[in-house]
Amino acid sequence: MREANNMSAHCQVTGRKPGFGKQVSHSHKRTSRRWNPNIQRRRYYLPSEGRTVTLRVSAKGIKTIDRDGIEAVVAAIRARGEKV
């Protein structure tokens, strides 16, 4: 069963995207499928700007923010040219 998901499954921090492959049934019939990353919408407070930002991050992206800090991660996102 497919999930109706109109938003792209793309992490703003790590850049993770869906992986594609084949689902193989018991009779060995192959159909296309995709593995979506664990994308979540998270709000973070930026003390330097005095406001919150909403990011679409994967579970690994959340760990990256915990490790490096939100200020450094937002600076890296902006250096890539993405709007935050």
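Reader: What makes Glu-49, Arg-51 and Arg-78 a network?

Author: Salt bridges link Glu-49, Arg-51 and Arg-78. One of the links is between Arg-51 and Glu-49, with N to O at 2.7 Å. Keep in mind that this is a predicted model.

Reader: Why is the pair of Arg-51 and Glu-49 called a salt bridge?

Author: The cut-off is a side-chain nitrogen of Lys or Arg within 4 Å of a carboxyl oxygen of Asp or Glu. Arg-51 and Glu-49 come to 2.7 Å, N to O. The pair therefore counts as a salt bridge.

Reader: How many salt bridges does the whole structure hold?

Author: A search finds 4. Among them is the one between Arg-67 and Asp-68, at 2.9 Å, N to O. Another joins Glu-82 and Arg-80, at 3.1 Å, N to O.

Reader: What are Glu-82 and Arg-80 called by the same cut-offs?

Author: Glu-82 is partly exposed, at 27%. Arg-80 is partly exposed too, at 46%.

Reader: Which residues of α1 are buried?

Author: Gly-61, Ile-62, Thr-64 and Ile-65.

Reader: How do you know that the buried residues of α1 line one face?

Author: Look down the axis of α1. Its buried residues fall within an arc of 160°, so they line one face of the helix. Turned away from that buried side is a face with the exposed residues Lys-63, Asp-66 and Arg-67.

Reader: What covers the buried residues of α1?

Author: The cover includes β3, β4 and α2. After α1 comes Gly-69, with a positive phi near 100°.

Reader: Which residues of α2 are buried?

Author: α2 spans residues 70-79, and Ile-70, Val-73, Val-74 and Ile-77 are buried in it. Seen down the axis of α2, they fall within an arc of 95°, so they line one face of the helix.

Reader: Why can residues spaced like that point the same way?

Author: An α-helix has 3.6 residues a turn, so residues three or four places apart point the same way.

Reader: What covers the buried face of α2, and what comes just after the helix?

Author: The cover includes β3 (39-46), β4 (51-58) and α1 (59-68). Just after α2, Gly-81 takes a positive phi of about 100°.

Reader: What makes β3 and β4 a pair?

Author: Two strands pair if DSSP finds at least two bridges between them. Here 8 bridges join β3 to β4, so the strands pair. They run antiparallel. Arg-41 stands opposite Arg-56 in β4. The hairpin of β3 and β4 has 4 residues between the strands, and Gly-50 takes a positive phi near 65° in this hairpin.

Reader: Which residues have the most contacts inside the largest nonpolar core?

Author: Val-13, Tyr-44, Leu-55, Val-57, Ile-65 and Ile-70 do, in a core of 15 residues. β3, β4, α1 and α2 each supply at least two residues of this core. The largest share, 4 residues, comes from α2.

Reader: What is Ile-65 in contact with, leaving aside its neighbours within four places in sequence?

Author: Ile-65 is in contact with Val-13, Tyr-44, Leu-55, Val-57, Ile-70 and Val-73.

Reader: What secondary structure does the chain have?

Author: The chain has 2 helices and 4 strands. From the N terminus, the order is β-β-β-β-α-α.

Reader: Why is the chain called more spread out than a compact globule?

Author: The globule rule gives 12 Å for 84 residues. The radius of gyration is 17 Å, well over that value, so the chain is more spread out than a compact globule. Along the principal axes, the C-alpha atoms fill a box of roughly 60 × 25 × 20 Å.

Reader: What share of the chain is buried?

Author: Buried residues make up 26% of the 84 residues.

Definitions and conventions: Residues numbered from 1 in each chain as written. Predicted model: local features only at pLDDT ≥ 70, side-chain atom pairs only at ≥ 80, totals over all residues. Heavy atoms only, no water. Buried < 20%, exposed > 50% of the residue type's maximum accessible area, 1.4 Å probe, protein only. Arc of directions from axis to C-beta. Contact = heavy atoms within 4.5 Å. Core = buried A, V, L, I, M, F, W, Y, C linked by side-chain atoms within 4.5 Å. Rg over C-alpha atoms; globule rule 2.2 N^0.38 Å.
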